Amino acid sequence: QRIAQHFDLLFTTEAAIDQLKQTILQLAVMGKLVPQDPNDEPASVLLEKIAEERSYALENGYPNEAESKTQQRKQKKQKLPDDLPCLPEGWEWATLMQCAQIVVDCHNKTAPYEESGIALLRTSNIRDGKLVKDDIKYVSHDTFKRWAARVVPRKGDILITREAPMGEVCILPGDQQYCMGQRMMLIRLVPETIDPNYMLVSLREPQLMRRVQDKPVGMTVEHLRVGGVETLLVPVPPQVEQHRLVAKVDELMTLCDALKARIQEAETIQRHLADAVVAQAAS
């Protein structure tokens, strides 16, 4: 509240606002952005529901027979360390796989491009929590079938990059079909359980790497292991608190973007004034 009262005075540069955005994300996953309500159904109940619905789906061959067996085998290996930090009342720690219906790696080969067809998403198309449609490449329908053999990407799926750069995330829109490119993984949540936008906040939080159990490796380029993504530790709030957190993050990010636009506008005016002064002095 004190920060809000003096927002314009405290944050006067774009770099300061970018840092503020990171702080907002960090406070969100620490449970310090909105108050807890003891009447909220605890996250332990939500995780039990996810486990039940995930087991039912996988045991019935979802999303296909081969992948369901792979997912069931990996689920059995999920575990939490003993020395995890304390979370607010009603929150629970879980691995990313324990939060999701499936977590699937990409087809790790370079897809042959075509002039048109199905949009191929590369790591460069995922930035700052959003899908960026600049320089989209395309693949044929036959290539798409091979690349999507493990799972067909769909609206609401979350993509996370493992390399170049590491740890960028976005939620897939439903405007068209997309093919998942190299060095990324797909996270599909159980419907009506964890809020996808909360998961996005959690994955964008600046201290994310502290929650990676299988740490990044790489001789020349640091990257996330597949196991590092699967076993990533996620602080899970009660479901209704997730919605409150997402609403508050959206509200504060909108304020940050508005102030950033004002700073950019002021800088543009200052440059124009400086140019005019120089031109006047030279005439």
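Residues are numbered from 1 along each chain as its sequence is written, and side-chain values use heavy atoms, with hydrogens and water left out. As the model is predicted, local features need pLDDT of at least 70 and side-chain atom pairs count only at pLDDT 80 or more, while totals for chains, interfaces and linings use all residues.

Q: How many salt bridges does the count come to?
A: The rule asks for a side-chain nitrogen of Lys or Arg within 4 Å of a carboxyl oxygen of Asp or Glu. One network of such bridges links R122, D135 and K137. By this rule the count is 13.

Q: Is R162 buried or exposed?
A: R162 meets D105 in a salt bridge, at 3.7 Å from N to O. The R162 side chain also reaches the backbone oxygen of L224 at 2.7 Å. Its relative accessibility is 11%, so R162 counts as buried.

Q: What is the relative accessibility of D157?
A: The side chains of D157 and R188 meet in a salt bridge at 2.7 Å, N to O. R188 is buried, with a relative accessible area of 5%. D157 counts as buried too, because its relative accessibility is 1%.

Terms used:
Buried < 20%, exposed > 50% of the residue type's maximum accessible area, 1.4 Å probe, protein only. Polar contact = N/O pair within 3.5 Å; in protein donor to acceptor, adjacent residues only side chain to side chain.
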